[in-house]
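Subject: Structure for your review

Dear colleague,

Please find the structure below, handed over for your use. A summary of what was found in it comes after.

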Amino acid sequence: MTTPSLLILPGDGIGPEVMAQVRRIIDWYGDKRGLKFDVSEDLVGGCAYDKHGTPLHDDTMAKAQEVDAVLLGAVGGPKYDNLDFSVKPERGLLRLRKEMDLFSNLRPAQCFDALADFSSLKKDVVAGLDIMIIRELTSGVYFGEPRGIFNEGNERVGINTQRYTESEIARVARSAFELARKRNNKVCSMEKANVMESGILWRDVVTEVHQAEYADVELSHMYADAGAMQLTRWPKQFDVIVTDNLFGDLLSDLAAMLTGSLGMLPSASLGAPMANGRPKALYEPVHGSAPDIAGTGKANPIACILSFAMALRYSFDQGAEADRLEAAIETVLANGIRTADLLQAEGVEPASTVEAGDAVLAALDASL
Ligand code: IPM
Ligand code: MG
């Protein structure tokens with residue numbers, strides 16, 4: 001078997017700092033578990049713009065298409081706020097998602113026991129929470145045409161188009177049902193069928209796919225606004241939530257905060273299987289580039305490390321090794337090691353990014 005390949009795109013802000021800790025974890029798996037990866041590194045986002053005048057060079061795009069998985073840190077920062085829309089750092093990320101056709105975005109919201117006190121919600125609402133939001137990632141209003149700012153009479157009009165085809169809805173619905181079967185067998189689909197035709201079609205197609213192929217999975221539907229309310233009222237009623245690109249963007253930020261900190265949450269963006277059977281895949285933390293703390297050594301590397309755990313599980317069929325890494329993170333938190341974004345016990349200094357990485361490596365060593 002050939003060595004699996006990983007393209008690492010640390011990006012901007014805290015991206016490079018958290019990714020440095022992931023590289024130590026990757027090395028650990030090579031040394032201690034015989035899991036070797038062929039790792040290459042490249043630029044995305046503002047740093048790519050600085051070097052090439054584009055947030056994603058064509059060569060980088062081509063590399064991303066070839067590797068077994070891409071691991072991304074974060075993109076963006078105030079330095080790039082005034083750039084033309086077409087070369088903003090975010091466009092690099094959106095191009096990767098679109099051209100790799102990563103239609104199914106898995107965003108788990110899992111509350112670690114050691115952090116249940118840290119949520120802004122009451123402890124009993126979030127303790128033990130383990131839900132998965134599946135966000136459609138390559139269509140909808142993010143990409144629909146027509147789009148733009150146009151002149152109409154004597155004023156400007158801004159236009160974006162929500163557009164979904166049946167096949168786009170069906171494939172993301174299938175990924176939600178498949179995943180639910182490996183979890184608690186429940187899917188809740190969210191749209192706004194009360195006001196949007198695309199929502200009516202969404203509900204119809206999800207229902208059709210369910211009846212034809214996944215009748216064993218429990219399916220419910222909710223309007224996305226009511227879904228947001230239910231997510232804060234009693235999130236444990238959900239197992240898998242499947243929703244469109246824009247609602248998924250909003251609902252996943254909301255769900256992330258249930259767990260206490262954005263600094264903890266990973267994501268996987270998956271596409272169709274490649275010739276070797278692995279899905280096209282990109283893994284990234286849900287948090288952004290956090291320019292306010294970039295370079296201070298305060299960033300929490302856990303979301304990015306957990307994104308690598310998702311890569312082990314979904315790209316490399318190493319579920320047991322993913323479990324090992326997730327358990328190591330549990331241990332680190334249970335031992336009270338916390339970066340500055342997480343609540344500290346009285347009188348305890350927060351751990352730095354590197355110290356958090358040290359602690360995860362120590363927990364991994366102890367797991368052998
Ligand atoms: C996300 C982010 C992105 C999005 C931005 C950075 C383009 O908010 O991944 O949730 O809107 O999809
Ligand atoms: Mg978002």
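The notes that follow take up the domains, the contacts between them, the ligand, and some local features.

Please keep in mind that this is a predicted model.

Domains and their interface

The domain assignment divides the protein chain into domain 1, made of residues 1–105 and 264–368, and domain 2, which covers residues 130–258. Taken over C-alpha atoms, the centres of domain 1 and domain 2 are 25 Å apart. In terms of contacts, 15 residues of domain 1 meet 16 residues of domain 2. The size of an interface is often given as the accessible area lost when the parts come together. For domain 1 and domain 2, the buried area is about 1300 Å², and carbon and sulfur atoms supply 59% of that area. On the side of domain 1, the residues that lose the most area to domain 2 are K98, F103 and N105, which together account for 43% of what that side buries.

Polar links also cross this interface. The rule finds five residue pairs in polar contact between domain 1 and domain 2, both residues of each pair being at pLDDT 80 or more.

Salt bridges

Side chains of opposite charge can pair when their charged atoms come close. Over the whole structure, the search finds 22 salt bridges. One salt bridge is found across the interface of domain 1 and domain 2. The side chains of D101 and R171 form a salt bridge, with an N to O distance of 2.9 Å. Another salt bridge joins E321 and R33, where the closest N and O atoms are 2.9 Å apart. E321 belongs to helix α11 (residues 319–334) and R33 to helix α1 (residues 15–33), so this pair ties together parts that are 288 residues apart in sequence.

Ligand surroundings

Which residues surround ligand 1? They are E90, R97, R107, R135, Y142 and D249. R107 has a polar side-chain atom 2.7 Å from an oxygen atom of ligand 1, and R135 has a polar side-chain atom 2.8 Å from an oxygen atom of ligand 1. In the side chain of Y142, an N or O atom lies 2.5 Å from an oxygen atom of ligand 1.

Backbone features

Two points of backbone geometry deserve a mention. The peptide bond that joins E145 and P146 is cis, with omega about 0°, and P146 is part of strand β6 (residues 144–152). D101, already named for its salt bridge with R171, is not a glycine and yet has a positive phi of about 55°. D101 is located in the loop between α4 and β4.

With kind regards

Note on methods: Residues numbered from 1 in each chain as written. Chains lettered and ligands numbered in written order. Predicted model: local features only at pLDDT ≥ 70, side-chain atom pairs only at ≥ 80, totals over all residues. Heavy atoms only, no water. Domains from an automatic or database assignment. Contact = heavy atoms within 4.5 Å. Buried area = accessible area lost by both parts, 1.4 Å probe. Salt bridge = Lys/Arg side-chain N within 4 Å of Asp/Glu carboxyl O. Polar contact = N/O pair within 3.5 Å; in protein donor to acceptor, adjacent residues only side chain to side chain. Near = heavy atom within 4 Å. Helix = DSSP H or I, 4+ residues; strand = E, 2+ residues; numbered from the N terminus.
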